[in-house]
Amino acid sequence: MLFKKNKNSEFENLLVQTEKKEKNKKEQVDVKWVVKIVIMAFLISFSLSFVSQMTIPNLSIFWGVLITLLFIFIGIIFDVIGVAVTSADSKVFHSMNSRQVKGAKVAVKFKKNADKVASFCNDVIGDICGIISGAAATTIAVGIASKFGIDLLFVNLTVAAIVASLTIGGKAMGKSFAMNKSDIILYEFAKFISIFYKG
């Protein structure tokens, strides 16, 4: 009975702390950003899907495998960046920015907009990489089935499962790496972006 009371009081404390955080932050949904990201995602996905549908079906098995692995890798890298941006310590970058360290200004801006950067990296880029690697995987399956006379359904399911497991496994490894090395990853990414964008 005492355990139950403690459990209830702990939950009530948690609710109070959550309400305090919400009052302190007073963050609202940025409708403009949501509209912008939806349009951006649609245009990028449409363009790359069109290009992939026109080119990937004509590729050999070798190039199909290469493109699939490339886009799985890109998806994992951007997932790592998205997690790193949300996990990084903003104080480190404010300090670096005050000393005018190259890339620190961009890192501060990314950290201030961590939810937007993470959404772009994890969702937009992640989904696009998924679409393209999926199309390339289908090409691989068709190529293998026709070359070796194997049932297409079986090959398609096997290749799709391999692609999914590589993507999920890679992202799982990437997430723990991103959380442990978040400051370094954000700094290196911001330093690279600052070459093209001064913030």
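Reader: Which helices each supply at least two residues of the lining of the largest pocket?

Author: In this predicted model, four elements do so: helix H2 (31–55), helix H5 (104–112), helix H6 (114–148) and helix H8 (182–193).

Reader: Which helix gives the most to that lining?

Author: Helix H6 gives the most, with 4 residues.

Reader: How is such a space found in general, and how much space lies in the largest pocket here?

Author: The general idea is that a probe the size of a water molecule, rolled over the atoms, shows where empty space is left. In this structure, the largest pocket holds about 360 Å³ of space.

Reader: How many residues line the largest pocket, and which lie nearest its centre?

Author: The lining consists of 13 residues, and those nearest the centre are Trp33, Phe110, Lys116, Val117 and Phe120.

Reader: What is the make-up of the lining by class?

Author: The lining of the largest pocket has 10 nonpolar residues, together with 1 polar and 2 charged residues.

Reader: Why is the pair of Phe192 and Phe196 edge-to-face?

Author: Planes over 60 degrees apart count as edge-to-face. The planes of Phe192 and Phe196 stand at 75 degrees, with the ring centres 5.3 Å apart, so this pair is edge-to-face.

Reader: Are the residues of these two pairs buried or exposed?

Author: The general idea is to compare the relative accessible area with two cut-offs: under 20% is buried, and over 50% is exposed. Phe62 is exposed because its relative accessible area is 53%, whereas Trp63, at 46%, is partly exposed. In the other pair, Phe192 is partly exposed at 46%, and Phe196 is exposed at 63%.

Reader: Where is Ile61 placed, and how accessible is this residue?

Author: Ile61 belongs to helix H3 (residues 61–87). Its relative accessibility is 26%, so Ile61 counts as partly exposed.

Reader: Which residues does Ile61 touch, leaving aside those up to four places away in sequence?

Author: Ile61 touches Ile140, Gly143, Ile144 and Lys147. A separation in sequence may also be set beside a distance in space: Ile61 and Thr139 are 78 residues apart in sequence, while their C-alpha atoms are 7.2 Å apart.

Conventions:
Residues are numbered from 1 along each chain as its sequence is written. This is a predicted model: local features need pLDDT of at least 70, side-chain atom pairs count only at pLDDT 80 or more; totals for chains, interfaces and linings use all residues. Side-chain values use heavy atoms; hydrogens and water are left out. On a 1 Å grid over the protein atoms alone, a cavity is a set of points where a 1.4 Å probe fits but cannot get out, and a pocket is an open set with protein on both sides within 12 Å along at least five of seven lines; lining residues have an atom within 4 Å of a point. Grid points are joined across faces, edges and corners, and a volume is the space filled by probe spheres set on the points. Ala, Val, Leu, Ile, Met, Phe, Trp, Tyr, Cys and Pro count as nonpolar, Asp, Glu, Lys and Arg as charged, and the others, Gly among them, as polar. Buried means under 20% relative accessible area, exposed over 50%, partly exposed in between (1.4 Å probe, protein chains only). Rings of Phe, Tyr and Trp (its six-membered ring) pair if their centres lie within 6.5 Å; planes under 30 degrees apart count as stacked, over 60 as edge-to-face and the rest as tilted. Contact means heavy atoms within 4.5 Å.
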